[in-house]
Amino acid sequence: MAKVGKRIKAAREAYVGKQNLTVEDALELVKANATAKFDETIEIAMNLGVDPRHADQMVRGVVILPNGTGKTVRVAVFARGPKADEAKAAGADIVGAEDLMETIQSGKIEFDRCIATPDMMPVVGRLGKILGPRNLMPNPKVGTVTMDVAEAVKSAKGGQVQFKAEKAGIVHAGIGKASFDAAKLAQNLRAFVDAVAKAKPTGAKGAYMKGVSVSSSMGPGVTVDVTSATQG
């Protein structure tokens with residue numbers, strides 16, 4: 001059996017007997033035990049009563065966290081001409097067309113978000129098998145296929161978070177950093193939960209939000225009272 005380090009052991013002991021906490025108590029606990037040598041990401045995981053294999057039960061969407069993510073987001077944009085210029089002016093890290101497609105096909109993916117103008121989708125479509133599994137494929141439903149590339153770039157860099165239910169009905173995302181004030185993390189968490197609630201699909205039956213938990217990048221998770229997470 002792998003040896004458990006002192007830091008992890010101490011964190012686990014701090015969590016004993018603590019579950020179904022309020023948002024504020026859960027975040028204080030997670031922050032207090034985020035003791036890695038880097039600024040850990042605070043992550044939320046939501047267990048939803050859906051089966052994403054059915055089209056009418058897929059949950060996906062986007063939310064702009066009120067206090068940002070604390071993460072530097074690298075943005076790639078597929079565009080030509082004036083739209084390419086707009087993307088560069090808005091702060092896009094990589095802008096291109098067929099040349100960008102070839103770079104990605106070579107295995108070089110140096111971005112966290114991909115945006116495209118509608119006319120570029122025939123080119124981007126060839127990258128489905130590469131970008132799809134990484135959740136990087138531009139999609140009009142989350143605003144990453146758009147003519148307003150400048151706004152999309154600014155949103156991506158300003159705290160916008162995309163979410164999509166995985167096979168088991170789990171949605172997860174980073175909602176800030178351990179260095180954030182607990183109140184700001186709580187605002188971000190509730191904004192994310194609210195967005196997921198509003199994205200409830202027509203095919204969802206029974207309890208939609210079955211469970212919520214928070215953790216840090218290197219720490220254990222703690223369950224959060226769903227009622228507390230949906231307040232505010």
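Helices (H or I, at least four residues) and strands (E, at least two) are DSSP runs, numbered from the N terminus. Everything below comes from a predicted model, where local features need pLDDT of at least 70, side-chain atom pairs count only at pLDDT 80 or more, and totals for chains, interfaces and linings use all residues. Residues are numbered from 1 along each chain as its sequence is written, and side-chain values use heavy atoms, with hydrogens and water left out.

**View 1. N33, in the loop between α2 and β1**

Start with N33, which sits in the loop that runs from α2 (23–32) to β1 (41–48). Is N33 buried or exposed? Its relative accessibility is 13%, so N33 counts as buried (buried means under 20% relative accessible area, exposed over 50%, and partly exposed in between, with a 1.4 Å probe and protein chains only). A polar atom of the N33 side chain lies 2.9 Å from the backbone oxygen of L29. That makes a polar contact, which is a pair of N or O atoms within 3.5 Å; within protein, one must be able to donate a hydrogen and the other to accept it, and residues adjacent in sequence count only if both atoms are side-chain atoms.

**View 2. The whole protein chain, before we zoom in again**

Step back for a moment: the protein chain has 9 helices and 9 strands. Its radius of gyration is 19 Å, close to the 17 Å that the globule rule gives for 232 residues, so the chain is as compact as a globular protein of that length. (The radius is taken over C-alpha atoms, and the rule is 2.2 Å times the number of residues to the power 0.38.) Along its principal axes, the C-alpha trace spans about 60 × 45 × 40 Å. Of the 232 residues, 46% count as buried. Among contacts with a separation of 6 or more, 73% join residues 24 or more positions apart; contact here means heavy atoms within 4.5 Å.

**View 3. Helix α7 and its packing partners**

Now look at helix α7, residues 149–157. Which residues of α7 are buried? They are V149, A150, A152, V153, S155 and A156. If you're wondering how to read a list like that, an α-helix has 3.6 residues a turn, so residues three or four places apart point the same way. The buried residues of α7 pack against β2 (60–64), β3 (75–78), α3 (81–90), β5 and β6 (160–164). Just after the helix comes G159, with a positive phi of about 110°.

Most residues other than glycine have a negative phi, and most peptide bonds are trans. Find N20 in the loop between α1 (6–15) and α2, where it is partly exposed, with a relative accessible area of 48%. N135 belongs to the loop between α6 (128–131) and α7, and with a relative accessible area of 37% it is partly exposed.

**View 4. P118 and the residues it touches**

P118 is in the loop that links β5 (113–116) to α5 (121–124). At 40% relative accessibility, P118 counts as partly exposed. Which residues does P118 touch, leaving out those up to four places away in sequence? They are V145, T146 and M147. P118 and V145 are 27 residues apart along the chain, but their C-alpha atoms are separated by 5.8 Å.

**View 5. N188, inside helix α8**

N188 is part of helix α8, residues 182–198. This residue is buried, with a relative accessible area of 0%. Not counting residues up to four places away in sequence, N188 touches L65, P66, N67, G68, I175 and F180.

**View 6. V224, in strand β9**

V224 lies in strand β9, which covers residues 221–224. With 2% relative accessibility, V224 counts as buried. V161 is another matter: 63 residues from V224 along the chain, with 20 Å between the two C-alpha atoms.
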